[in-house]
Amino acid sequence: MTTAARTTAPRSLAKKAVKIPAPTAARAPARAARARANLPLRDAAATREALMAAATEEFACNGFAGARVDVIAASAGVNKQLVYHYYGNKEGLYREALEAVYAQLREKERALSLADMAPVEAMATLVGFSFDYLSEHPEFISILTDENRYRGQHIRESKPLKQMHLPLVELLEATLARGVAEGVFRRDYDAINLYISVAGLSYFFFSNNHTLSVIFAKKLSSRAAHVQRRKHVIEFTLNALRPGAD
């Protein structure tokens, strides 16, 4: 960790690594990448893919403070010095892992082709996708939760991360404008507030699923609970956007 990172990171994390239960879904990509990379003639792209998959798994399980470079290298099947060759240090590797998980999300959002849909359909599709993505990628939630412990320090240092969100905001702005023009959306919503609300409706459900399940004595990790929650967040968003909604 660099000197800057040590002075910025919370002291509690510097003393003790935060352990996050290993998300099962996070381990499959790492295994697949290792299988692709463990070839007689490994090229740089396959090696970096294996390292990034292993790093994502390790950071999701143990956070930045608790993750170990030697574990990441061993999981990817490479020498530890190769990690430093590609990424400079542990912080560089963590920053690129953040960029990778966000880039994957943004890429899948672009593939939805929301601009080709009617405004209401586009919004329902985006909300449903956001819910499904978090359901299928617990590693994203774990890494994002860990980065918030550092007050977004590593994201702040990443130029690609700060730029990759702009197309989504512009798409939301265009979708909202089309909806207002067609009379199906109210006029007083801005894209950034809408995105935060849409993301929060699903993120909180998954990031707090265990505690919520205990509090309400209901298995919120079940398929039935997911279906019910997904339907709710879509309807909640569309109802809030409808003209005349207060």
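**Close-up views of a predicted model**

View 1. At 70% relative accessibility, Ala217 counts as exposed, because the class begins over 50%. The model is predicted. Ala217 is located in the loop that joins α14 (209-215) to α15 (223-241). Its phi is near 50 degrees, a positive value although the residue is not glycine.

**View 2. Ser113, a partly exposed residue with positive phi.** Ser113 belongs to the loop between α7 (90-110) and α8 (119-136). Phi of Ser113 is near 55 degrees, which is again a positive value in a residue other than glycine. Ser113 has 35% relative accessibility and therefore counts as partly exposed, since that class lies between 20% and 50%.

**View 3. The aromatic pair of Phe64 and Tyr150.** Eleven aromatic pairs are found when the whole structure is searched. One of them joins Phe64 and Tyr150 in an edge-to-face arrangement, with 5.7 Å centre to centre and 85 degrees between the planes. The pair connects distant parts of the chain, its two members being 86 residues apart. Phe64 is part of helix α4 (residues 44-66), while Tyr150 is in the loop between α9 (138-149) and α10 (153-156). Both Phe64 and Tyr150 are buried.

**View 4. Surroundings of the Phe64 ring.** Phe64 and Tyr150 also belong to a cluster linked by ring pairs, together with Phe59 and Tyr94.

**View 5. The crossing of α8 and α13.** The axis of α8 comes within 9 Å of that of helix α13 (residues 191-207), and the two cross at roughly 35 degrees. The crossing is right-handed. On the α8 side, the contact is made by Met123, Val127, Ser130, Phe131, Leu134 and Ser135. On the α13 side, the residues are Leu194, Val198, Ser202, Tyr203, Phe205 and Phe206. Sorted by class, the contact comprises nine nonpolar and three polar residues, with no charged ones. Among the residues in this contact are the serines Ser130 and Ser135 of α8 and Ser202 of α13.

Technical notes
Residues are numbered from 1 along each chain as its sequence is written. This is a predicted model: local features need pLDDT of at least 70, side-chain atom pairs count only at pLDDT 80 or more; totals for chains, interfaces and linings use all residues. Side-chain values use heavy atoms; hydrogens and water are left out. Rings of Phe, Tyr and Trp (its six-membered ring) pair if their centres lie within 6.5 Å; planes under 30 degrees apart count as stacked, over 60 as edge-to-face and the rest as tilted. Helices (H or I, at least four residues) and strands (E, at least two) are DSSP runs, numbered from the N terminus. Buried means under 20% relative accessible area, exposed over 50%, partly exposed in between (1.4 Å probe, protein chains only). Axes are lines fitted to C-alpha atoms, for helices over the stretch in contact, and angles run from 0 to 180 degrees between N-to-C directions. A crossing is left-handed if the near helix is turned anticlockwise from the far one by less than a right angle, and right-handed if clockwise. Contact means heavy atoms within 4.5 Å. Ala, Val, Leu, Ile, Met, Phe, Trp, Tyr, Cys and Pro count as nonpolar, Asp, Glu, Lys and Arg as charged, and the others, Gly among them, as polar.
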